[in-house]
Amino acid sequence: MNNRLRWRKFISNFMLTMTGVCAVVSVSVLFFILGYLVFHGGTSISWNFFTKLPAPVGETGGGMANAIVGSAKLLLLASLFGVPIGFFGAIYLAEFSNSTIAFVVRYAADLLNGVPSIVIGIFAYSLVVLPFKHFSTLAGGFALGLMMIPITLRSTEDFLRAVPNALREGAMALGASKWKTIATIIVPAAYRGILTAVLLAFARVAGETAPLLFTAFGNRFWSSGLGQPTASLPVMIFTYAIAPYEDWHRQAWAAGLVLLGLILVINIVARAILSRGITVSRS
Amino acid sequence: MGSRSFLSRLREGDEIARMITFLFAASVVLITLLLVLELWQGSVLPRHKFGFNFFRTSVWDPIFEQFGALPFIYGTLVTAGVSLLIAVPLGIGAAIFLAELAPARVSDTLEFFIDLLAAVPSVIYGLLGVFIVVPLMRQYLQPALKHSLGFLPFFQGPAYGVGFLTAGIVLAIMVIPYIISVSREVLLSVPRDQREAALALGSTRWEATWKVVVPFARTGIFGSIFLALARALGETMAVTMVIGNTPTISASLFSPGYSIAAVIANEFTEATGDLYLQSLIELGLVLFILTFILNGLARLLIVATSQKGSGMGHA
């Protein structure tokens, strides 16, 4: 009996230790990734990386200035397209809608959220690239914007719903119309949450590569306006990493460091905004 | 409210605000419907020409316009399967640690890192896959596996570095964060009395966890696994960079292969001819349907578990 108890205790301690090992292994991956990127990327990054165009194939040097600007343009377009749909859609769901319509919209958003990013690329291709007959910044921005919609919509709705009803009733009791209540009371009360949602959606699409492959395509030169194909950081990382040139590999590491740094910083800022001073009491 | 006429509400702007926001909400549904429609109509030619043979044949020949998707489907399923074999035990183990053992502060800090890990873009995993994992596989892991388990059909053939196993390992690293966060949530929603009852009856901490808490959360944990599977099936960039991009069906996990998402990524811009392009779109449709089903199942299971937890809590 005593032996059996000892055995059970040993098993308990052993298995619990193993779960700790699992946790440590899983989390340490993050630090491996960061470490490798800082190590390889840090040694390859230079001023040229931010200011020069890619060098012609076979020559060393050059940078990714066009890809950085391209990514910025794509993300700006995506936000202009995705955030309003998500934001106003969420206002409808949280403040106006009946439960049937809300269910349908939420279901559609969840479905869209689960669509693999490469399929989003196909959709943007057939909707924007085919009619214009060429790859463009516009198509890439559209694809990324599509991916921002469900994330923005679902979290914004959650945060709007978390605003206590007393606030709504108070404003209405003072005679404010519904839209005035929403614009001046409810949205300001939930703004931290909404900002976090938008930032997380932004960070999520900032690293997306697959939907850009056949929408924004790629470009070794500057791309003017919105109608031309454009380079972007994620696609550059992909093409440079699988190319056979040593110098391109270095630049892929540098681009990876810049991209990951940007995404992690946005993530951390977003979470900090949410956790500092919670203005919304969750009732 | 009811006594006010439609006109007075219109004047105050409520109806206008309602209509405008409705348009935005409706556009989400429209976009989703349009996506399904585009995929369906965009793949009309191969669906009519090949029918079900599209999924049964393995010749992928753009020149003679023969398209069979079997190697891609096989590669997608095998890599996703390998990734789950690795990610499920690791992820659930870590989730148990975070939910049951770690103090709240440690658990929240680790969860924060896990969330950051989930935010790392796929192309970065691909980059590390190409330059770190592939050489490691070629030089150390594959020879070691061949040496020790080479009698199994899974670990035979030359060690290229790239292939099903490598893609599976990279995928595993990518989906572990999803399994951990969702399983942790689900485990935390298990009512306290369940644990306490088990401990009071004399079970050890591990027995209480493994025989009472985990079974209680089982459906939700399965949900997290389905979610991870859906991610793994649709994952494109990292897989494309390490799977080897050769349409083969081989029992050996060392063999280079191809996945649905990878073939779309590689060949879509080069597809000449409608049948070729539409065959790729049909592959996209297959991927869409697979992830649609898995995500739906996952959501059902996760919701069912958290409701069970809150229901018990109130009782």
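Okay, housekeeping. Residues are numbered from 1 along each chain as its sequence is written, and chains are lettered from A, with ligands numbered from 1, in the order in which they are written. Since it's a predicted model, local features need pLDDT of at least 70 and side-chain atom pairs count only at pLDDT 80 or more, while totals for chains, interfaces and linings use all residues; side-chain values use heavy atoms, leaving out hydrogens and water.

Let's start inside chain A. Helix α5 of chain A, residues 117-132, and helix α6 of chain A, residues 137-161, have axes that come within 9 Å and cross at roughly 140 degrees. Helices here are DSSP runs of H or I, at least four residues, numbered from the N terminus. Axes are lines fitted to C-alpha atoms over the stretch in contact, and angles run from 0 to 180 degrees between N-to-C directions. That angle makes α5(A) oblique to α6(A), where under 35 degrees is roughly parallel, over 145 roughly antiparallel, 65 to 115 roughly perpendicular, and the rest oblique.

So who touches whom? Contact means heavy atoms within 4.5 Å. From α5(A) the contact includes A:Ile120, A:Phe123 and A:Leu127, and from α6(A) it includes A:Phe142 and A:Leu146. The tally for this contact is 13 nonpolar, one polar and no charged. Nonpolar is Ala, Val, Leu, Ile, Met, Phe, Trp, Tyr, Cys and Pro; charged is Asp, Glu, Lys and Arg; the others, Gly among them, are polar.

Next pair: helix α3 of chain A (residues 65-96) and helix α9 of chain A (residues 191-206) pack at about 140 degrees, axes 11 Å apart. Among the residues touching are A:Val83 and A:Phe87 of α3(A) and A:Val198 and A:Phe202 of α9(A). That contact divides into eight nonpolar, one polar and no charged.

Now, where are the charges pairing? A:Glu95 forms a salt bridge with A:Arg168, closest N and O atoms 2.8 Å apart. A:Glu95 sits in helix α3 of chain A and A:Arg168 in helix α7 of chain A (residues 165-173), so the pair ties together parts 73 residues apart in sequence. A salt bridge means a side-chain nitrogen of Lys or Arg within 4 Å of a carboxyl oxygen of Asp or Glu. Over all chains, the structure holds 15 salt bridges.

Last stop, the interface. Chain A puts in 78 residues and chain B 74. Three salt bridges run between chain A and chain B. A:Arg271 forms a salt bridge with B:Asp115, closest N and O atoms 3.2 Å apart.

Notes:
Helices (H or I, at least four residues) and strands (E, at least two) are DSSP runs, numbered from the N terminus.
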